[in-house]
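Visitor: I would like to go through a structure with you. Could you show it, please?
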Amino acid sequence: MAKSIACPNCKFPNFAGAAECLLCKTSLEGVEAVELEASDRTEADAVAYLCCHPFPPEPLYEGARLSLGRTRKADITLPHHSISRRHGEVSVAEGTVRFEDLSQNGSFINGKRVEGSVELRPGDVLTLGPYDLELLAERPPEGDDDEAAENTSELDFTSLMSGLLEETSIFEVLQGLEYNSKTGTLSLIAGRLRGTLVVRDGKPWSATLGDLRDDEAVLRMTELEEGRFIFHSTVGDGARSMDSRLTALLLEASRQRDELSTHLDIDPPTLT
């Protein structure tokens, strides 16, 4: 059974192994983890699961109404300054999951801004501030919960930036990462397409975008004009698989764009 550590200051239930409270930053050193109370409902009753790393999957039951916000009064607490106190609500009725945006900062589904109440389908990604919440029809493998709990204390929720690709071009984002020698992970969501770029001191370490990897993934990223990006200072232990610099990749992307533009501007041959 899963365990949690109740913060002695604000009572927020943190994961076993957390070094400090996610909500108020109080040290949890020496505080004992206890087993979570069992629910009257079983996993078999769940209509779907709302999954948000590093938190464990949240089962959604028929008739449920769950509030999401940054305060501990919310059913799902997301501790970050960009999250409203009452950011939104997830409800389940007749097997259909819906999300209603109640915030001023906005919410996004698959990179598109939410207006009012919308239906959530399995595979949809709901983005609130720096958090990605994915709706799954089935509970993810058990091992994912344990890994999430172990990694909770490693995340840095204060060094985050996010935005829309419609407002800030991916070229600007990548240039900023290199120019400012950033270390961290850039996550991209464009519809159902998802990608990541790991950088260390502004140098690309590894990248994925759908089935693409490394240089090809970054070049494809430069073509994205709609979607959402999130950058945080957390990096994994993966080996480096890229040698190129971001500037070189951006120059190559510009060259390919110019070449394509020139090709499209050529008048077709006249038939005689």
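Visitor: Which residues does His87 touch, not counting residues up to four places away in sequence?
Guide: His87 touches Leu68, Gly69, Ser82, Glu100, Asp101, Leu102, Ser103, Asn105, Gly106, Ser107 and Leu128. Contact means heavy atoms within 4.5 Å. This is a predicted model, in which local features need pLDDT of at least 70 and side-chain atom pairs count only at pLDDT 80 or more, while totals for chains, interfaces and linings use all residues. Residues are numbered from 1 along each chain as its sequence is written, and side-chain values use heavy atoms, with hydrogens and water left out.
Visitor: Is His87 buried or exposed?
Guide: His87 counts as buried because its relative accessibility is 0%. Buried means under 20% relative accessible area, exposed over 50%, and partly exposed in between, with a 1.4 Å probe and protein chains only.
Visitor: And where is His87 found?
Guide: His87 sits in the loop between β7 (76–77) and β8 (88–93). Strands are DSSP runs of E of at least two residues, and helices are runs of H or I of at least four, numbered from the N terminus.
Visitor: Changing topic, which residues touch the most other members of the largest nonpolar core?
Guide: Those are Ile170, Leu174, Leu177, Leu186, Leu188 and Leu197, in a core of 25 residues. Such a core is a set of buried Ala, Val, Leu, Ile, Met, Phe, Trp, Tyr and Cys residues joined through side-chain atoms within 4.5 Å.
Visitor: Which element gives the largest share of this core?
Guide: The largest share, 5 residues, comes from α2.
Visitor: How many helices and strands does the chain have?
Guide: The chain has 4 helices and 20 strands.
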